[in-house]
Amino acid sequence: MDSFQQVIFKLKQYWADRGCVIQEPHDVEVGAGTMCPETFLRVLGPKPYRVAYVQPSRRPADGRYGENPNRLYKHSQLQVILKPTPDDVIEQYLGSLEAIGIDLAKHDIKFEEDNWEAPTLGAWGIGWQVMLDGLEITQFTYFQQCGGMDLDLCPAEITYGLERLTAFLQVKDSVYDIEWAPRFTYGDVRFNDELQYSVYNFEMADVGTLWQLFDLHEKECTRLLGLYPESKEKRRFPLLPAYDHVLKCSNLFNTLDARGAISVTERVGVIQRVRRIAVGVAQAWVKQQSGLEAAQ
Amino acid sequence: MSALPFLLEIGVEEIPDWMIAGALESLRALFQELLAARNLAEGVTLALDATPRRLVLRAKGLSDRQRDSEELLLGPAKSAAPAAIEGFARKLGVSAGDLGVEAGPKGDRVSFRKKVAGRPASEILAEALPGLILKIYFPKTMFWTVPTGPRFIRPIRWIVALLGETVVPFELAGVHSGNRTSGHRKLGKAGVPVTFENYEQTLRDNFVILSADERRDKIRAEITARVKPDPALLETLVYITEYPTVISGSFDRSYLTLPAEVLVTVMKQHQKYFSVEDEAGALAPRFLAVMNSSGDPDGLVRSGNERVLRARFNDARFFWDADQKATLAARVPSLANVTFQAKLGSYLDKTKRVVELAGQLGGDADAVRAAELAKCDLTAELVKEFTELQGVVGGLYARAQGENETVARAIYDQYKPASMEDSIPRDRAGQILSIADKLDTLRGCFSIGLIPTGSRDPFALRRAAQGIVKILVEAKLSLPVAAILKEDAQLAEFFVDRVRYYFKEIRGFKYDEVNAVLASGWDDPVSVESRLAAVQAVRPTANFEPLAASFKRIQNILKQADFKGGVAIDPALLEPGAEADLYAEFTKVRVTVAKQAHGPALETIASLRPAVDRFFDKVLVNAADAGVRRNRLSLLHQLLSEFSTIADFSEIVTTS
């Protein structure tokens, strides 16, 4: 039986063997692997890319104080981007499941329609949730738009829910009972995060402070985006740091939402604010990168 | 020429189940169109099949080439200079002697009938199929190469195109047509060569059952336990599997303490399982799942599904327990944080309006209490998880929290009827709540211009309006709904249309009878129903249609005379005989009708027919004397208006 970390090692090796860059997680908090620059920005433009990384993904509203066996404030996604999509992408994906020891001839695998959309990123795609013996283990998406723009190439995004997948492999009813490494359970490693972030997000986060932080990050990102058109040396222009501020805003929005601090009237407006800077960075990024191509 | 079989298989990544039937119809129509346009349709029969990974068209009796045909080419006028005519012939490579003459609107013209040799069907198909395949209709499509590249429901990965034993060669999105198919993803082989004859068997050998009927039969045959019939779920399962096999699983009895509604929803909506009933019809701790595989000898699939279901049930229990920490009543203020519609405010705003409407509609204390609490379950974790259970969960919580049974049932039933086939709320309080809620949605949406157009009806306003009609009619409720609707002329008009739809399409009344009855008033759908029943009953009697024809005649006469009524009948001016008789009959009938129910009243009115007929036979309405004429018009006008309260007979389409 593979431990949680062995499952990760094997999947990373599998995708490394298929030409993927193995990246480490992005070091700013995100709600999903899709939001990392390695996906959000790399899928833009005409340059082929292949990458795989594990991304801890934070969903403040999903926190359950460590009491619910299946819901987590922070879960781990293995995110794979194949741009452009190879013709045998599904066969490659199924191969990855066999690589972690699932004999598909003995299991039931189904692809059920599930189209993905992220309004705050101006992004959407077409795809499936992949069901293994009735368990959703993967979100498979053909990206169509990102940052409000049609993509030059259609990338395939494969997002594995690592806790679920490992609980399946280890036949565990509670995620906290998963063996992370020999002698260490998932609960040993992660329980405190679940409990303390739930307390913070639901009870103690200071709404006023979070709003201030949101405003500051938004302001900084907006300031940078305003400078970009006039900047002399486009190559040096810090769009990647600008994007980190977008991510900060997104996570603050989710935390405020979990805290119940966003009213009806505000909600749509706040989503718009995040979307505006996300799309702004994406558009500038496409220009910056195509400029670099032209210069080379 | 000889007749050949044709096989087209479009190999696709998993197509959403609900789109497959429509796609096959579209493919059939496009292919038929192609054959007809190319003179290849004669004697061809088509069969269409699909699995999630393939759309298949098989044709029999396709000619291997088109029939030869003639094309008529027109040259210059017959009277043109000989040089021009010779030029025409030369261009066609024939001599002037081969030309004919064709008569036309501008005189005779020189012509030539060119023989066109029929082209091979294979060539025509090869040219047309790439475009045809991309024209197959899907509600949503994608690109999988570049944005300007082909669009389809999902990427196309292989194509089989065989005419007889020969490949019809073409290329689409980098895929070259050939004779190789793919079997089941895990149990079958890929790249298997096929012929028209062995195609279906080859698929079967590779764990793909091509025929949806056969897959459906297989599932049905393997359902051995007592399950609630669920045709929609069955269709989904037929179209998400290539080789369906039913397996049976169970769950711990302790979960049966959760409401059956919740358990069934989890099994059906989230896991696509059939739930199982015991002999008494109660939920049993078992389920049937359909896998896309041939068997589960080690029980791995069963135990996997059981574990998923256990987790889902644990979630539900967790949410149920968490939700009990705040009662519905305590949740009312937090409805301010749930949007109903941006311009129409929050669910708290809606709740206030619905409470008021429930009172206005004569709701009692229970109805009003139910209206106050109706939307509170929108803030419950269980409803956030299982949105399809809104209302139901509210009802269950209300009961668990000690609200009285009527209030609990009203909340539980508030979204009923979900369709025209669904039942209406069980109690008066639930009926009032449901009507008030729908009425508020209709009124609000119309006030901000969200009015359904064509097939666009995002707020399901048609269903809401029909729901109101259905409740009023089936519960025999006469409520001041129309008065509220009439505050908005557009909404009133929209509602009448839904009343018409309900009686015509759902209840099956004849369209002219519905029009006739609605023309006499639609405010009270209960009365509409009773008047319709009366018209329907009297319609076949001998007097009715002729009388209806006479009423139409009366209406025309009044219209031509531009007579609006308002003049009392002067009996002294009536001519003895037919006119005086009609008046006497009318006076008598009027008194009788006033005391009668709709059915007998209509029969009484119909008995006027001989008197009306005699009147038109013997009396000239358009009399020379203006006073007499006005008096006659007045008689007819009163007759018409007096007897049009049940139905406007002039709307009845008569055969005479």
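This is a predicted model: local features need pLDDT of at least 70, side-chain atom pairs count only at pLDDT 80 or more; totals for chains, interfaces and linings use all residues.
A crossing of two helices is called left-handed if the near helix is turned anticlockwise from the far one by less than a right angle, and right-handed if clockwise.

Residues are numbered from 1 along each chain as its sequence is written, chains are lettered from A and ligands numbered from 1 in the order in which they are written, and side-chain values use heavy atoms, with hydrogens and water left out.

First, the two chains together. The size of an interface is often given as the accessible area lost when the parts come together. Here chains A and B bury about 3,800 Å² between them, with 52% of it on carbon and sulfur atoms; buried area is the accessible area, taken with a 1.4 Å probe, that two parts lose on being put together, summed over both. On the chain B side 49 residues are in contact with 46 residues of chain A, where contact means heavy atoms within 4.5 Å.

How many salt bridges are there between chain B and chain A? The count is eight, and over all chains it comes to 71. A salt bridge is a side-chain nitrogen of Lys or Arg within 4 Å of a carboxyl oxygen of Asp or Glu. One of them pairs Asp173(A) with Arg310(B), at 3.0 Å from N to O. Asp173(A) sits in the loop between α4 (162-170) and β10 (179-181) of chain A and Arg310(B) in helix α8 (residues 300-323) of chain B, so this pair joins two chains. A salt bridge also links Arg71(A) and Asp315(B), at 2.9 Å from N to O. For the labels, helices (H or I, at least four residues) and strands (E, at least two) are DSSP runs, numbered from the N terminus.

Next, helix packing in chain B. Two packed helices are described by the angle between their axes and the distance between the axes. Axes are lines fitted to C-alpha atoms, for helices over the stretch in contact, and angles run from 0 to 180 degrees between N-to-C directions.

Take α21 (residues 544-560) and α25 (residues 626-642) of chain B: their axes come within 10 Å and cross at roughly 130 degrees. Therefore α21(B) and α25(B) are oblique to each other; angles under 35 degrees count as roughly parallel, over 145 as roughly antiparallel, 65 to 115 as roughly perpendicular and the rest as oblique. Their crossing is left-handed. Residues making the contact include Phe551(B) and Ile554(B) of α21(B), and Leu633(B) and His637(B) of α25(B). By class, this contact has eight nonpolar, two polar and no charged residues. Ala, Val, Leu, Ile, Met, Phe, Trp, Tyr, Cys and Pro count as nonpolar, Asp, Glu, Lys and Arg as charged, and the others, Gly among them, as polar.

The contact includes Ser527(B) and Arg531(B) of α20(B), and Leu602(B) and Glu603(B) of α23(B). It has five nonpolar, four polar and two charged residues.

With α19 (residues 511-519) of chain B, the axes come within 10 Å and cross at roughly 130 degrees. That makes α19(B) oblique to α20(B), and this crossing is right-handed.

Last, the backbone. Most residues other than glycine have a negative phi, and most peptide bonds are trans. Which peptide bond in chain A is cis? The one from Lys83(A) to Pro84(A), with omega near 0 degrees; Pro84(A) is in the loop between β3 (74-83) and α3 (89-99) of chain A. In chain B, the bond from Lys416(B) to Pro417(B) is cis, with omega near -10 degrees. Tyr65(A) has a positive phi, near 60 degrees.
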